[in-house]
Amino acid sequence: MANKVKEIWASGKVVINSWLAIPSGFSAEVIAQCGFDSVTVDMQHGVQDYQSMIQCFQAMNGHPVTPMVRVPWSEPGIIGKVLDGGAYGVICPMINTPEEAKNLVAYSKYPPMGTRSNGPIRAGLYGTAGSYQKTANDDIVLLPMMETRTAIGNMEAILDVEGINGVYIGPSDLGFSYGLVPKLDREEPEILKIYEKIVKECDKRGLHPGIHCSGADGALRAINMGFKLVTLFNEVGLMATYARMQIAQTRKDSGGKA
């Protein structure tokens, strides 16, 4: 299976990513038909586990989206397992040093680039028998999350690690680490300067910075700053936002009847 994320980047365009916190194949199936380029199952802060991840991937199969996962942590067992389950992209939280970024690459790549164990039990179904291992190292997208003051201090060294495809910004934790209120769409000058540097340093290296947003407005600002992958919140937030909007409109226009 071709990795649509890499194809979009090669064309010079921005990837629009979705985020799944709900452990439901049906939710995943609905989201996969909405026009997103990639869909990420959140195993860190979502209510997902490995089995629900598989169900989401199965539900998305047949739709033109790239299946990705945010793993709970940088650990070889879970990283290898989500890749074997069919993830074509791995977003990994709390990568703070170049050593941790190198470990992420090693856990995700087959030899000689890494130490990933062979056994793509489900991922192998995406290609012909025996073909998956030949292209997996090149096809898989790796995005370490840069979301702490420590990571920003090590920014250039992390970005120099061979095998990553960019970084993914977690605005809430990043702001939190600078003593700010955790939120997604940030406007503080000091944080925006960090974003500008991340985009600049990624551009110098041919890497693709991604960021978590809380909707279209934040995503558009990020795109205009130079980010190459934007997440439009998660399906929980999208559902709740639209529900609140519809309820408010109904009460407002009901003439006091509701």
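Tutor: This is a predicted model, and in it the largest cavity is lined by Met1, Phe57, Met60, Asn61, Gly62, His63, Val65, Pro67 and Tyr126.

Student: How do the residues of that lining divide into nonpolar, polar and charged?
Tutor: The lining of the largest cavity divides into six nonpolar and three polar residues, with no charged ones.

Student: What volume does the largest cavity have, and how many cavities of 30 Å³ or more does the structure hold?
Tutor: Rolling a probe the size of a water molecule over the atoms shows where empty space is left. Here the largest cavity comes to about 60 Å³, and the structure holds one cavity of 30 Å³ or more.

Student: Turning to pockets, what is the volume of the largest pocket, and which residues are closest to its centre?
Tutor: The volume of the largest pocket is about 230 Å³; 17 residues line this pocket, and His45, Arg70, Ser172, Leu184 and His212 are the closest to its centre. Helix α9 (residues 171–177) gives the most to the lining, with three residues, and the lining as a whole divides into seven nonpolar, six polar and four charged residues.

Student: Which residues of helix α2 are buried, and where do they lie around the axis?
Tutor: An α-helix has 3.6 residues a turn, so residues three or four places apart point the same way. In α2 (residues 25–32), the buried residues are Gly25, Ala28, Ile31 and Ala32. Because they cover an arc of only 125° around the axis, they are on the same side of α2. The buried residues of this helix pack against β1 (15–20), β2 (38–42), α3 (50–60) and α12 (235–253), while the N-terminal end of α2 is capped by serine 24, a side-chain oxygen of which lies 3.3 Å from the backbone nitrogen of phenylalanine 26.

Student: Is arginine 186 buried or exposed, and what does its side chain contact?
Tutor: Arginine 186, placed in the loop between α9 and α10 (189–205), counts as buried because its relative accessibility is 5%, where the cut-off for buried is under 20%. Its side chain makes a polar contact of 2.9 Å with the side chain of glutamate 188. Leaving aside residues up to four places away in sequence, arginine 186 touches Pro171, Ser172, Gly175, Leu180, Val181, Ile191, Leu192 and Tyr195.

Student: And how does arginine 221 count?
Tutor: Arginine 221, in helix α11 (residues 216–225), counts as partly exposed because its relative accessibility is 41%.

Definitions and conventions: Residues are numbered from 1 along each chain as its sequence is written. This is a predicted model: local features need pLDDT of at least 70, side-chain atom pairs count only at pLDDT 80 or more; totals for chains, interfaces and linings use all residues. Side-chain values use heavy atoms; hydrogens and water are left out. Buried means under 20% relative accessible area, exposed over 50%, partly exposed in between (1.4 Å probe, protein chains only). Helices (H or I, at least four residues) and strands (E, at least two) are DSSP runs, numbered from the N terminus. The arc is that of the directions from the helix axis to the C-beta atoms. Contact means heavy atoms within 4.5 Å. A polar contact is a pair of N or O atoms within 3.5 Å; within protein, one must be able to donate a hydrogen and the other to accept it, and residues adjacent in sequence count only if both atoms are side-chain atoms. On a 1 Å grid over the protein atoms alone, a cavity is a set of points where a 1.4 Å probe fits but cannot get out, and a pocket is an open set with protein on both sides within 12 Å along at least five of seven lines; lining residues have an atom within 4 Å of a point. Grid points are joined across faces, edges and corners, and a volume is the space filled by probe spheres set on the points. Ala, Val, Leu, Ile, Met, Phe, Trp, Tyr, Cys and Pro count as nonpolar, Asp, Glu, Lys and Arg as charged, and the others, Gly among them, as polar.
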